[in-house]
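Please examine the sequence and the structure shown below. The paragraphs that follow lead through several regions in turn.

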Amino acid sequence: MHQAMMEPATQVLINKVSELSRAAGKVVVEQENFQLLGDFLDVVKTVAVELQNGEDTSHVLEDLLESLVKPVERAQELITFCTNKSRIYLLLHCRQVAMQLEEITRSMGRSLSQVPVSCIHEGGKDTKGSIDSLAQEMEHYLYPVKENEARLCQTLERENEGILSYPAVQTGILMDIARTVGIEDLSQDPSAFRSELELLKQDVEESQNDEDLHMMDLIGNMFEIWLQSNAQPSLSDDTQTVHPSHKRLEPLYDTFICPLTKQVMQDPVTIDSGQTYERSAINRWFQECLENGRPTVCPITGQQVQTTLKPSLALRNTIDEWTSRNEQSRVDIAGQLISAADSSKEDVLFGLNDLQALCHKNRFNKYCIRSSGLIPVIENRLKNGAENGVEVRCTSLATLCLLVEDDDDNKDVVGETDLIRLAIKCLSRDLPQEREAAVALLSELSKSYPLCEKIGATNGAILLLVGMLSNRSQNLEAICYAEQTLNNLECCDKCVRQMAENGRIQPLLTRLVEGSDDLRIEMAEDLATVPLTSEDKAKAAKTVTMTLVEMLGSNSPAAQAAALKALCSLSTLESNGSYLIEAGVLTPLMHDLFLVGPNQVSRKLKEVSASTLANIVNSSGNWQTIPIDADGNTLTSKSVVHNFLQLINNTGPAIMAKLLQVLVGLASSPQEIGKVVSHIRSAGATVSLIQFLEAPHPELRVTSVKLLFLLSTHMGEELADGLRVTTRQLSTLLRLLRSDNEIAEQAAAAGLLANLPVQDLELTHALLDEGALPVLINRIEDVRRGVGSIGSGRYMAPLQSRLVAILSRFTYALDDKEIQALATDLPQSKGVFLEWLGCVKRPSLPPGLCPVHGGICSATETFCLREANAVVPLVSLLDHNDLDIVEAALGALSTLIMDTVDLKQGSQVLLAAGAIQPILNILLEHQTEVLRERAMWMMERILRNGDLAQRIMVDTDSQTAIVDAFQHGNNATRQLAEKALKHLNKIPTVTGVFLRV
């Protein structure tokens, strides 16, 4: 009974093994390994037959049969798995399949080793030995994985994905995978590969394994990229866009295309398989193979080859000739598209972009474009860019930039055209992308020295470039191009000067410090004449003062003269006095002033020395204790002051005025005025100084008044005695009180008269005889009404108090009857005279016709500033220490030039009131951004008056103030300043050439 049951079990095993052996031979992947599995299954079948024929029916045989059934069932599952799964999926799992085969075979071997001798039908121990030998082989058998399959799997692993970024490697990998799954030529049968990918997708979706999903995405992406490149083989890395006109080009031949890069080959080479590739692409493929331990194979055929490369010279020459013909044709087509009057915007842009692509390929194409005369064609298109808009202009500029890049011949051709001026006009437009394209072109052109001079000579170029550096609305790249352009322009001395004029002073300072002797002289001369802002003067003083003092002590007259003039310019900023003193400038200045004989400096340079010294002693520098010679004398030593006084009497009016200014500076020091007074007395120079009041030279006369005013607090009686010698000096002082003189002069003259002893009746009557009273009364009334040339509001209060002090001497020296008599003699001024004596109030003025508002205005009803005589008083407040007051005064004055009034008449009223210079001073001082913006608003409107613009244009300080606002103001201030500079013709106005789009 038991044996009857064993026989069907054994037969079942035999049948199953026979079936699996046949199925294993039909698996299409890992065929060799599955054939080996089939061989091992045949061994199991043979042993099963032997067991079936044996007589052993023990439980041992039953257990043996059961142990064989399990691996056979696993083999059946694996065969079914490999039969149903896609070939790419099985390729990716080739190592796992081999491991499962080994486990199945080892399990069967272990079972066979347990066959007892008693179960063997024939042969006995000999058969048992054969079975044991086979069992041992099966237990230790290793199924091989094909080397190319293992390397492929390794390459596709995550940690090795870096090499897959190379298109050539991707193509090689895809070809390898295709051959492995039975697709010999991927390029001929991509649909078969896509079908395999679809099957792979189904298998992966079933498994839901993260690693499988990753592999599927990786291979799928590589295949899509390959398809795109295979569908559109390109001439190069440039644009793939094709224009209908390109149908005239010679067609692209398949033999020119690299199978790996899908681009026209530039350096074709042939490998052992006979296939031709781009040298760089096949080298990269071989490198990938070697790095991953794979044999070097042909990417197309899979044939193992040597890495030796044979240049395909014939093919290369053919490709070069074909390329040259087509590229020249592309140049001709682009020229036709750009130049044709009926070309559409799209045609023009295509032509320009194709020229850019050709420039990127090689320099010879730049030569072809130049030889074809296309640079003037692009220039004409840029001139007429308004027809097609900003995109055409920007693309034209970008094309020109590529043409001149590293090509001096093309730069020369551009220099012969009007392109530099056109590029600078583009800089003055509001479109950021156009500015960037224009400044990029200028950056390239500025690498040529002759073109640097031409750029610098173009109106507004350097001003606009410098302005871009401080424009916060510019993008970083445009700012970098502007900086590069300016750096290149520094090779041109004229450009360096213009940079300094427009607020970029560092190049000039650097050349002055580091340059040759001749260059230092040239830069010092420029520094002396260039109008600078206060910030630039301070920066220059910190940087170059030591160098200038060194030049001042050299043996070169030219260097001495240039340095002296530059120092004089820097000394005009009060805070620079300390820098000049620390640098040791006092000693050489005094040496130049007092040196006599054949080596003495010219009279003109003596004047410059005196002017510099005057600026220093009137500054905040600590000059009081600085020795100026080997004997330790200072500027207020007795011998030095005596030398000043002697030189004043023995030189020309210009130098006299500067030397008197030096004495003004010395006397302005509270610590030193006592010494100065003492030395003037010891020199007996009081009368000589008084006589300067009659000097015909205006500056000399005014300076002497200031000096005598300072001295009057210490030597009033002596000055009164001197003034009584002749009344001409008193007459001069009274003339200075008139409203058409500068307010500082009036204040000094009034201060001098006010400080004279009031007890001196003879002097009082002399003043009356000279007509002092009507002058004082009228001037007091003018001050009340704000009439006169008001240069600085801080002098108004001192002037008023000093005029009252002078007037009070008459009330001190005269009785009531004399005062009433004086009032009677002054009928027109009687009310004013009595008012200042505390008697009556000033009557109001009647309203009148107003040229500003074009009608009848009044101070009370229409609040007209002109009719209220408020314009000049408001102007006098523009330099007030309280910035809120300054802001309020600006706001009030701005109503005279609003859109609702006559702008020209309002500007003339401001000019007549002396408002222009105080407004410019506010721009230069820029104490707050609000003040600068309001002042710039007023200046822009004032400059709309062409006559005023012409007058202001000759004033370099005015231009400096506006340029500074253009460079450093906020957005609104910069826009206003740009308009103002266009009124002054300092930057180009975008009209005629371009229209707004």
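In this predicted model, residues 869-896 form a span that is 61% helix and 0% strand, and its end C-alpha atoms lie 13 Å apart. UniProt, in an unreviewed entry, places the feature "repeat: ARM" at these residues, 869-896.

The next region is helix α33, which comprises residues 673-683. Its buried residues are I673, V676, V677, H679 and I680. These residues cover an arc of only 165° around the axis, and they therefore lie on the same side of α33. What covers them includes four helices: α31 (638-648), α32 (653-667), α34 (686-691) and α35 (698-712). Just after α33 comes G684, which takes a positive phi of about 65°.

E102 is found in helix α5, which runs over residues 94-112. Is E102 buried or exposed? Buried means under 20% relative accessible area; E102 has a relative accessibility of 12%, so it counts as buried. When residues up to four places away in sequence are not counted, E102 touches Y141, L142 and Y143.

Which residues does L924 contact, leaving aside its neighbours within four places in sequence? They are T533, D957, T960 and A961. For one of these, A961, a distance can also be stated: L924 and A961 are 37 residues apart along the chain, while their C-alpha atoms are separated by 5.1 Å.

Definitions and conventions. Residues are numbered from 1 along each chain as its sequence is written. This is a predicted model: local features need pLDDT of at least 70, side-chain atom pairs count only at pLDDT 80 or more; totals for chains, interfaces and linings use all residues. Side-chain values use heavy atoms; hydrogens and water are left out. Buried means under 20% relative accessible area, exposed over 50%, partly exposed in between (1.4 Å probe, protein chains only). Helices (H or I, at least four residues) and strands (E, at least two) are DSSP runs, numbered from the N terminus. The arc is that of the directions from the helix axis to the C-beta atoms. Contact means heavy atoms within 4.5 Å. UniProt positions are given in the numbering used here, feature names are shortened, and annotations may be inferred rather than shown by experiment.
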